[in-house]
Amino acid sequence: MKKNVEIYCINTNNRKQYPMGTSLLELFKDQKIPEEPRPLCARVNNENKELNFLLFKPKQVEFETFKDVFGHRTYVHSLSFVLYKAIKDIFPDAYLRIEHPVSNGYFCHIKGLGRPLTTEVITLIHERMKELVKLDIPFVRHEDETEKVLELFRRQGLNDKVKLLESTGRVYSAYYTLQECVNYFYGSLVPSTGYLELFNLVPYYEGVLLQLPDRQKPKKLKKVHQSDKLMRIFRENADWNEIMGLTNIGDLNVACQQNEAMELIKVSEAFQEKRVAAIADQIAEKNGVRIVLVAGPSSSGKTTFSKRLSLQLKVAGLRPRNISMDNYFVERSKTPLDKEGKYDFESLYALDLELFNTHLLALLNGEEVELPEFSFADGRAYYNGHKMKMDAKDILVIEGIHALNPELTTSIASDLKFGVYVSALTTISIDDHNWIPTSDNRLLRRIVRDYNYRGYSAKDTISRWESVRKGENKWIYPYQENADAMFNSALLFELAVLRNYAEPILREVRQDSTEFAEARRLLHFLSYFNAIKGEEIPPTSLLREFLGGSSFSY
């Protein structure tokens with residue numbers, strides 16, 4: 001007779017005894033939780049688990065749907081496997097690389113088809129994907145000695161995964177099967193293909209875009225929008241990675257094991273500085289520009305970029321002057337509130353737009369202006385005699401999350417402005433089918449900086465991150481294509497450096513907090529990198545904004 005274990009289901013606030021070995025899927029059905037929206041995975045003692053996970057000890061369980069972060073990731077990973085199998089079913093010699101999220105989908109390269117990637121070919125793959133979903137085939141997880149898994153991957157031609165596993169030195173490794181098809185995705189998968197009801201596959205640039213449902217409206221696909229400038233900067237960096245022979249973590253690990261890390265740091269920093277200089281030249285060559293507006297999401301490195309750009313503008317014969325947008329907040333009593341009744345400091349209307357534009361116009365007209373200094377403690381601005389006046393060679397450099405929003409500078413003629421969008425567009429991948437979200441790069445930067453310089457724990461930073469992302473979706477991303485230039489602040493080697501700094505901070509997150517699941521996920525992700533010591537990072541590096549030791553003042 002099987003022994004029972006007590007399971008507490010958070011979704012129903014119910015405690016109940018279950019036989020040892022009960023699966024999460026069986027638990028869900030017994031708890032009679034509404035099937036709309038359908039659960040895709042669960043947090044078990046605040047760790048992300050698949051619905052096939054078996055319960056042998058007392059646990060606390062919370063099911064997650066597509067609307068939840070881990071549920072959404074589970075759907076994407078599972079659908080990626082279906083895409084891979086559909087391609088292999090029709091074109092056995094084809095090669096798939098899932099590169100990065102863009103335009104409300106995931107951009108993918110498909111090569112080795114033996115024919116052009118036409119609309120007809122894409123339709124064939126899409127139809128096969130729909131057939132696989134209709135068949136409701138189970139995803140099966142296996143675990144075996146790494147040497148046996150490596151041999152299996154070699155037979156399947158998954159050399160990217162072979163290189164990754166060989167470079168990490170694990171004794172046992174996991175993999176998945178979908179019928180005879182083998183692969184691995186670094187996160188949970190749904191129990192079977194039948195869970196993946198909504199998706200689309202459409203032509204996009206030289207590849208395809210895998211479309212997903214809207215997280216807030218899971219019954220509708222997110223609308224594709226063109227992101228020409230963002231795609232160009234992604235391609236530029238991805239092409240450079242290919243030239244360097246470093247497209248995946250396995251490639252980076254091998255380079256580190258061959259003592260090439262220091263050379264990689266120098267080349268990456270030089271590549272980035274060349275891009276900063278090119279943007280400065282572009283500004284200098286565009287006659288009449290008086291204001292440079294630098295925007296980007298949290299922890300994108302806007303501040304250090306602005307400082308390095310200012311140096312390059314000086315090289316180009318201009319005199320950059322800086323105005324902090326943070327000094328133009330409205331008084332606390334006039335700050336807009338969010339849906340929860342809290343102060344919404346990320347709103348454009350938290351800024352005194354009228355005063356900001358009045359000061360910009362006065363400066364451009366050669367008038368002297370006394371600039372405000374805002375006190376967040378008091379919730380008001382003070383005037384302490386900080387005055388500014390511009391002449392013909394002066395150019396304003398202003399950075400902030402709203403910099404590319406046209407409503408910020410409505411009084412300024414467009415030919416006087418030059419916009420730059422900065423973000424950490426991570427172009428290295430875990431392997432060919434597992435991308436690294438750009439938001440993970442920024443979150444790790446922010447965790448390290450918040451812990452060392454702002455007194456926040458990893459738990460604090462993770463708990464705020466979803467709210468930060470919502471603000472970015474509302475106030476930053478809709479305007480990114482307004483930029484005249486885009487700058488990728490991600491460094492090829494940086495996640496291997498961040499591992500040393502982030503791991504001890506993430507390990508402080510306690511299991512009894514909901515943030516534990518995200519901390520564990522990030523620790524698992526970082527474990528794939530061979531760590532690189534940060535001592536060789538130059539003091540002008542953008543990464544120093546987060547690690548400390550910068551030669552710039554902040």
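This chat covers the cavities and aromatic contacts of a predicted model.

Trainee: How many cavities of 30 Å³ or more are there?

Mentor: Three. The largest cavity has a volume of about 190 Å³.

Trainee: Which residues are closest to the centre of the largest cavity?

Mentor: Asn237, Asn488, Ala490, Leu491 and Leu492, out of 20 lining residues. The lining of that cavity splits into nine nonpolar, eight polar and three charged residues. Helices α6 and α8, strand β23 and helix α13 each supply at least two of the lining residues.

Trainee: What about the second largest cavity, how much space lies there?

Mentor: About 70 Å³. Two elements, β8 and α6, each give two or more residues to the lining of the second largest cavity. By class, that lining has one nonpolar, six polar and three charged residues.

Trainee: Switching to rings. How many aromatic pairs does the whole structure have?

Mentor: The search finds 21. One of them is Trp240 with Phe271: centres 4.3 Å apart, planes at 15°, so the pair is stacked. Trp240 sits in α6 and Phe271 in α8, so the pair ties together parts 31 residues apart in sequence.

Trainee: Is Trp240 buried or exposed?

Mentor: Trp240 is buried, at 14% relative accessible area.

Trainee: And why is the pair of Phe329 and Phe376 edge-to-face?

Mentor: Because the planes of Phe329 and Phe376 are at 70°, and the cut-off for edge-to-face is over 60 degrees. Their centres are 5.3 Å apart. Phe329 is buried at 12%, whereas Phe376 is partly exposed at 44%.

Trainee: Which residues form a cluster with those two?

Mentor: Tyr343, Phe345 and Phe374. Arg332 lies over the face of Tyr343, 5.8 Å from the ring centre.

Notes
Residues are numbered from 1 along each chain as its sequence is written. This is a predicted model: local features need pLDDT of at least 70, side-chain atom pairs count only at pLDDT 80 or more; totals for chains, interfaces and linings use all residues. Side-chain values use heavy atoms; hydrogens and water are left out. On a 1 Å grid over the protein atoms alone, a cavity is a set of points where a 1.4 Å probe fits but cannot get out, and a pocket is an open set with protein on both sides within 12 Å along at least five of seven lines; lining residues have an atom within 4 Å of a point. Grid points are joined across faces, edges and corners, and a volume is the space filled by probe spheres set on the points. Helices (H or I, at least four residues) and strands (E, at least two) are DSSP runs, numbered from the N terminus. Ala, Val, Leu, Ile, Met, Phe, Trp, Tyr, Cys and Pro count as nonpolar, Asp, Glu, Lys and Arg as charged, and the others, Gly among them, as polar. Rings of Phe, Tyr and Trp (its six-membered ring) pair if their centres lie within 6.5 Å; planes under 30 degrees apart count as stacked, over 60 as edge-to-face and the rest as tilted. Buried means under 20% relative accessible area, exposed over 50%, partly exposed in between (1.4 Å probe, protein chains only). A charge sits over a ring if NZ of Lys or CZ of Arg is within 6 Å of the ring centre and within 35 degrees of the ring normal.
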